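I opened this notebook to keep track of what I look up in the structure. The entries follow the order in which I checked things.

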Amino acid sequence: GNKTLAAGGSPTIQEWSTAGFKVIGFTDTSLFEGGLAGAKLQIGTVDGKAADSGLSTHNSAAGSGIGVGSASNNAETKQGEYFVVDLDKSGSGFDAAVATLTLNHYTAGEVLRWYVYEADGTLAGSGVVPASTTNSGTTNTIFDVAPNVSGSGFKYIVLTSDNATSNFLVD
């Protein structure tokens, strides 16, 4: 089956929860084995963190979305912060072959890094999404994440900024 959450408008963390996704934010690398970004995911750490924690929404004319941190820092996910999506909040065994995400506040020259993980925390794939050279920051950047391992599904998506000058909101 499919799970869908349509982007647009003024996104809320509750929308994600209602659609069956657990979203959480981390401001350190404790979610990774050995504290190394991209290493095996520490499932106990991720599953043990309360749903919707570590995140805030930012809604403005310049773009809306959800990011790691508090509203006082515009809630944009920055380098060293990790936006995590658990695709199977209910624990029913759901995994995905591909996911399409939409970003805001993501301008020319910025780079996002994504990781996808199987249910046991094994890395299934990773990649980068450079912002379009024509993106003004108010235009949505839409991209797909999919495992690099043929036939492997994934349960978790982890997004982070790839450098100190990149940041983003998930719509």
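Predicted model: local features only at pLDDT ≥ 70, side-chain atom pairs only at ≥ 80, totals over all residues.

Entry: Trp 16 has a relative accessibility of 6%, so it counts as buried. Next I checked Phe 21, which is buried because its relative accessible area is 8%. I then noted that Trp 16 and Phe 83 form an edge-to-face aromatic pair, with centres 6.2 Å apart and 70 degrees between the planes. This pair links distant parts of the chain: Trp 16 belongs to helix H1 (residues 13-18) and Phe 83 to strand E5, 67 residues apart. I found both Trp 16 and Phe 83 buried.

**Entry: aromatic pairs overall.** I searched the whole structure and got 6 aromatic pairs. One of them joins Trp 16 and Phe 21, edge-to-face, at 5.8 Å centre to centre and 65 degrees between the planes. I also wrote down a cluster in which ring pairs link Phe 32, Tyr 82, Tyr 115 and Tyr 117. Apart from ring pairs, I noted that the charged end of Lys 49 sits over the ring of Phe 26, 4.3 Å from the ring centre.

**Entry: strand E5.** How many residues of E5 are buried? I counted 5 of the 5 residues in E5 (residues 82-86), so the strand is largely enclosed by the rest of the structure. Tyr 82, Val 84 and Asp 86 lie on one side, Phe 83 and Val 85 on the other, and both faces are covered.

I then looked up the partners of E5. Strand E1 (residues 22-26) pairs with E5 in the antiparallel sense over 5 bridges, and Lys 22 stands opposite Asp 86. Strand E10 (residues 156-161) is joined to E5 by 4 bridges, also antiparallel. Here Val 84 stands opposite Val 158, and the bridge partner of Val 85 is Ile 157.

**Entry: strand E10.** I asked the burial question again for E10. The result was 6 of the 6 residues buried, so E10 is largely enclosed by the rest of the structure. Tyr 156, Val 158 and Thr 160 point one way, while Ile 157, Leu 159 and Ser 161 point the other way. I found 6 bridges joining E10 to strand E7 (residues 111-117), in the antiparallel sense. Tyr 117 stands opposite Tyr 156 in that pairing.

**Entry: the whole sheet.** From E7 I went on to E8, which pairs with E7 in the antiparallel sense over 7 bridges. Arg 113 stands opposite Val 128 in E8. In what order do the 5 strands of the open sheet run? I wrote down E1-E5-E10-E7-E8, with antiparallel pairing. The edge strands are E1 and E8 (123-130), each of which pairs on one side only. I noted an average twist of 20 degrees from one strand to the next.

**Entry: nonpolar cores.** The largest nonpolar core has 28 residues, and Phe 83, Leu 112, Phe 143, Ile 157 and Leu 159 touch the most other members. Leaving out residues up to four places away in sequence, I found contacts of Leu 112 with residues including Leu 103, Tyr 106, Val 128, Phe 143, Leu 159 and Phe 168. A second, separate core holds 14 residues, among them Ala 39, Val 46, Val 84 and Tyr 156.

Note on methods:
Residues numbered from 1 in each chain as written. Heavy atoms only, no water. Core = buried A, V, L, I, M, F, W, Y, C linked by side-chain atoms within 4.5 Å. Buried < 20%, exposed > 50% of the residue type's maximum accessible area, 1.4 Å probe, protein only. Contact = heavy atoms within 4.5 Å. Helix = DSSP H or I, 4+ residues; strand = E, 2+ residues; numbered from the N terminus. Pairing = 2+ DSSP bridges. Axes fitted to C-alpha atoms, helices over the stretch in contact; angles between N-to-C directions. Phe/Tyr/Trp six-rings, centres within 6.5 Å; stacked < 30°, edge-to-face > 60°. Lys NZ or Arg CZ within 6 Å of the ring centre and 35° of its normal.
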